[in-house]
Amino acid sequence: MGLMVAYLLLAVFFLALAVGLYTPKKWRELPEKHVKLLKFGCLFGSLLIFFSIVKNFVGKS
């Protein structure tokens, strides 16, 4: 269960990066094109982790 909490925290962190709630200092130095690509990657990663968590919960029941 502890691993699921860690995955959930990681997914929420990636989602915060994708939405723009949290922006690392290094991202401010990058061109806008690269930042959009990083945000898309973070959104894709968070969705992938969320679906993995859901699949684990559905598979156990």
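Helices are taken here as DSSP runs of H or I with at least four residues, numbered from the N terminus, and the expected span of a helix is 1.5 Å times one less than its number of residues. The structure is a predicted model, in which local features need pLDDT of at least 70 and side-chain atom pairs count only at pLDDT 80 or more, while totals for chains, interfaces and linings use all residues. Residues are numbered from 1 along each chain as its sequence is written, and side-chain values use heavy atoms, with hydrogens and water left out.

We can begin with helix H1. Its 18 residues (residues 2-19) should span 26 Å at 1.5 Å a residue, and this agrees with its end C-alpha atoms, which are 26 Å apart. Glycine 20 follows H1 and has a positive phi, near 105°.

Burial comes next, where buried means under 20% relative accessible area, exposed over 50%, and partly exposed in between (1.4 Å probe, protein chains only). The buried residues of H1 are Met4, Ala11, Ala16, Leu17 and Ala18. In H3, Val35, Cys42, Gly45, Ser46, Ile49 and Ile53 are buried, and their cover includes H1 and H2.

How do the two helices meet? Two packed helices are described by the angle between their axes and the distance between the axes. Axes are lines fitted to C-alpha atoms, for helices over the stretch in contact, with angles from 0 to 180 degrees between N-to-C directions. The axes of H1 and H3 come within 8 Å and cross at roughly 155°. H1 is therefore roughly antiparallel to H3, a term for angles over 145 degrees. The contact involves, among others, Met4, Ala11, Phe14 and Leu15 of H1 and Cys42, Ser46, Ile49 and Ile53 of H3. Its residues divide into 15 nonpolar, 3 polar and 1 charged; Ala, Val, Leu, Ile, Met, Phe, Trp, Tyr, Cys and Pro count as nonpolar, Asp, Glu, Lys and Arg as charged, and the others, Gly among them, as polar.

Two residues are worth a look on screen. Serine 46, in H3, is buried with a relative accessible area of 0%. Leaving aside residues up to four places away in sequence, serine 46 touches Ala11, Phe14 and Leu15. Valine 5, in H1, is partly exposed at 45%. Its C-alpha atom is separated by 9.5 Å from that of isoleucine 53, 48 residues apart along the chain.

Note on methods. Helix = DSSP H or I, 4+ residues; strand = E, 2+ residues; numbered from the N terminus. Contact = heavy atoms within 4.5 Å. Parallel < 35°, antiparallel > 145°, perpendicular 65-115°, else oblique.
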